[in-house]
Protein chains: 2
Amino acid sequence: MATPLDPTALGFLLADSRRVPMHVGGLQLYKKPPDAGRSYTRDLFDQMREVDDIAPLFKKHPYRSVKTGGQYVWVEDDDFDIEYHVRHSALPKPGRVRELLELVSRLHSTRMATERPLWEWTLIEGLRDGRIAMYAKMHHALVDGVSANRLLQSILTTDPDARDLPPPWAARPRARTARAQEEAESSLEQVSVSIAAKALEISADAAGLPKALWTTLSRSLRNETSPLSLYAPKSILNQPITGSRRFAAQSWPMERLRGVARESGTTLNDVVLAMCSGALRTYLEEQAALPQQTLVAMVPIGLKAKQSGSASAEGGNAVGSVMVKLGTDLADPAARLQSVHESMRDGKRALAQMTPLQIQAMSAIGQVPAVLPSMLKLGGVGRPAYNLVISNVPGPRVPHFFNGAEMVGNYPLSIPIDGMALNITCTSYAGHMDFGLTGCRRTLPSLQRILTHLDHELTALEQAAGV
Amino acid sequence: MATPLDPTALGFLLADSRRVPMHVGGLQLYKKPPDAGRSYTRDLFDQMREVDDIAPLFKKHPYRSVKTGGQYVWVEDDDFDIEYHVRHSALPKPGRVRELLELVSRLHSTRMATERPLWEWTLIEGLRDGRIAMYAKMHHALVDGVSANRLLQSILTTDPDARDLPPPWAARPRARTARAQEEAESSLEQVSVSIAAKALEISADAAGLPKALWTTLSRSLRNETSPLSLYAPKSILNQPITGSRRFAAQSWPMERLRGVARESGTTLNDVVLAMCSGALRTYLEEQAALPQQTLVAMVPIGLKAKQSGSASAEGGNAVGSVMVKLGTDLADPAARLQSVHESMRDGKRALAQMTPLQIQAMSAIGQVPAVLPSMLKLGGVGRPAYNLVISNVPGPRVPHFFNGAEMVGNYPLSIPIDGMALNITCTSYAGHMDFGLTGCRRTLPSLQRILTHLDHELTALEQAAGV
């Protein structure tokens with residue numbers, strides 16, 4: 001019954017600390033169905049709790065004792081208590097999005113109890129516009145961020161009339177959720193264990209680097225257009241952090257972003273990055289902390305299985321990363337967009353020339369954020385390898401529903417770490433682009449202002465592109 | 001700066017577990033002042049957070065490392081974050097007392113993060129009757145229950161017009177709060193360290209008992225009217241527990257209880273115990289788990305300093321305990337009240353004959369619940385020494401206010417432990433008696449029904465006494 005934690009899961013469990021909790025999250029916004037009665041939210045909540053049979057993924061927790069030889073193993077929770085994991089909360093008045101983001105920031109700040117199954121789910125009511133929200137929290141030792149997002153989405157359907165849909169933790173649910181559960185169960189194991197294990201050794205011995213990664217890093221020292229950049233400036237984003245989280249989120253119509261991409265001859269992803277660039281520039285100027293040199297973002301990008309070679313066995317896609325110069329040193333929005341566009345293009349070309357092993361080593365960095373600080377000397381002496389991570393994950397194109405409630409927003413929450421105080425993750429969904437910013441509230445004061453700056457930047461880009 | 005934890009605090013810290021978290025709590029209900037505007041609650045919350053200087057008690061947390069020689073010491077939190085400790089929540093609709101008790105049960109179920117200062121304070125809005133609630137949570141390693149309650153009350157005033165009163169965690173507050181803070185700082189140290197230390201040894205060596213306690217226990221084996229009883233029956237209250245908490249609370253007019261006491265020639269405390277007796281009898285009958293023999297309650301009682309001898313140096317009162325036969329085996333309410341009355345009278349007489357050391361040893365039991373299971377073999381083989389603890393703590397007689405809001409209810413939450421799944425604590429306040437029941441939700445299903453039974457029992461006692 002008891003299976004040992006694989007090295008990746010173990011790494012996340014051991015790395016978890018008050019300052020750097022290792023859980024991911026998701027905030028989803030829903031519109032109640034037109035026929036919703038007064039007790040709709042309460043009924044939905046009751047239904048989510050009334051699950052007789054819980055899926056194994058949601059029942060296991062890490063455990064070690066003399067009997068396990070001091071090793072961490074997964075064991076089933078004998079005292080599993082659905083009331084602990086599935087919670088019903090409400091917002092203080094006036095119930096604006098501001099109050100919602102404050103609550104979610106707080107929920108995302110607290111460490112998970114590792115003696116319990118590593119997930120929590122909170123249904124939130126009290127938004128004054130009548131929408132309801134769900135905040136899901138899962139430890140990275142349990143699933144990776146991609147699997148967590150898939151699990152959240154597996155409960156959704158395109159059928160607004162479908163009811164009695166089971167929550168993600170129900171055992172023997174419909175095929176889609178079952179598949180997402182299975183994938184999540186093995187998601188961390190699928191990370192090449194040898195690479196992850198090598199990467200973990202680093203934290204014990206910061207002097208060494210996996211050979212493949214070292215090769216890539218060395219190349220980047222000689223070649224500015226390498227996908228790995230060692231030319232990022234010092235910035236306030238790259239400091240030791242505290243355990244206080246701030247989450248900020250907002251959506252923009254995809255059509256506006258597409259318009260800019262079309263008129264400027266760039267890609268949608270370029271526009272997302274340019275919005276971030278301009279917004280970060282304004283924010284850092286406000287904080288009197290804008291570096292002279294451009295900020296560099298690490299941008300994970302999907303690689304076709306064929307191209308990456310390594311992932312073809314599972315038929316899935318591998319993930320590589322490109323280091324993108326955001327052009328935050330440039331005052332002109334159009335120039336920033338152009339800089340992002342060129343940097344992205346060069347990075348992708350370089351990535352295409354990398355060997356599968358090199359790409360795998362790079363993935364390991366993303367998969368093992370716990371070791372990033374020592375690995376890349378973030379927060380320490382010298383300059384960081386990059387300043388922040390900006391991910392853009394494609395989501396469903398058409399509206400999805402959960403028991404009649406239409407999902408109208410879907411914002412991932414990620415893990416800030418020492419030396420990497422801000423993470424921006426975007427998801428496209430049903431005609432809009434949802435931005436989620438997770439950061440350390442004390443390292444980055446008033447980071448929610450970046451939302452306003454993102455909005456201004458999109459307008460500036462539209463004007464520059466002549467939309 | 002770093003002071004070691006005294007043995008009592010250390011005991012509570014080490015005993016803390018998922019199943020038996022070692023924190024106490026308090027739920028207070030407030031009525032807004034007549035002139036409260038729309039933003040009254042939000043303003044109150046902002047004011048409670050805007051405290052520049054935090055009192056030492058609320059800034060320290062336990063810490064150990066190689067540098068401290070592996071010993072736990074109190075250190076000041078370098079990263080103290082008021083937003084973590086002071087929280088603003090709201091109730092889901094319909095915002096009845098039921099929703100409030102559900103939220104408080106959940107908040108009381110979760111373990112505290114011992115890497116942070118050991119307190120949390122939640123302002124709760126959304127009661128449909130417009131009242132606001134506050135739930136305070138403090139670890140027993142930081143303060144004992146009495147000091148926690150004093151801290152909560154130290155912020156109150158009898159002046160409904162007083163505003164800008166500081167919260168309990170403000171440094172240099174008015175004299176009353178400062179004194180309560182100081183007392184709380186040393187409250188655990190004042191417990192006779194040698195007794196507590198001896199008691200703690202028990203958990204390592206269940207075969208031994210402190211000599212003074214052993215003497216008392218031995219006496220009780222020979223003497224039914226000893227304040228220590230070893231004649232309690234097995235019951236569902238006396239099992240190993242889980243980490244799921246249910247809190248239930250309700251108030252009754254003091255005048256009704258006083259009427260019964262007056263007409264029946266008993267005391268107010270007797271009536272409280274008789275209400276508990278009848279309610280427990282009905283509850284256990286519903287659960288088909290009523291023991292044939294009467295349940296025995298451990299009832300802490302205050303002793304005059306002179307009588308107890310030991311506490312006279314501090315000028316305070318010592319606490320002793322009486323074992324009260326509740327008469328749950330009797331079908332007649334009047335007979336139960338009489339049984340409680342006689343048992344209480346006998347117990348007090350016996351207590352008066354005890355030596356200060358014996359009383360101190362008994363107090364140590366109450367102060368160190370962590371060791372009770374092994375000490376008294378609760379939950380193990382054999383019968384428990386008693387079935388539950390019922391405390392009746394006198395509170396203020398006149399209405400008290402916090403920044404204009406009138407406190408209308410004050411319910412302590414305590415610590416259920418293995419073998420002792422239910423605790424009942426009553427406080428008198430401004431003309432009513434507030435009952436607070438803290439229990440393990442899974443050991444005692446639907447324990448909130450005891451509230452209904454308490455209400456029926458009071459009516460039955462009134463009829464029996466001819467009120």
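In chain B of this predicted model, three strands make up an open sheet, arranged in the order β1-β4-β3 with antiparallel pairing. The edges of this sheet are formed by β1 (3-4) and β3 (60-63) of chain B, each of which pairs on one side only. Strands of a sheet pair through backbone hydrogen bonds, in either a parallel or an antiparallel manner. For β1(B), the antiparallel partner is strand β4 (residues 73-76) of chain B, and two bridges connect the pair; T3(B), for its part, has W74(B) in β4(B) as its bridge partner.

The area buried between chain B and chain A comes to about 2,900 Å², with carbon and sulfur atoms giving 34% of it.

Polar and charged pairs can be followed across this interface: 26 residue pairs of chain B and chain A are in polar contact, both residues being at pLDDT 80 or more, and 14 salt bridges are found between chain B and chain A. One of the salt bridges joins R111(B) to E115(A), whose closest N and O atoms lie 2.6 Å apart.

Technical notes:
Residues numbered from 1 in each chain as written. Chains lettered and ligands numbered in written order. Predicted model: local features only at pLDDT ≥ 70, side-chain atom pairs only at ≥ 80, totals over all residues. Heavy atoms only, no water. Pairing = 2+ DSSP bridges. Helix = DSSP H or I, 4+ residues; strand = E, 2+ residues; numbered from the N terminus. Buried area = accessible area lost by both parts, 1.4 Å probe. Salt bridge = Lys/Arg side-chain N within 4 Å of Asp/Glu carboxyl O. Polar contact = N/O pair within 3.5 Å; in protein donor to acceptor, adjacent residues only side chain to side chain.
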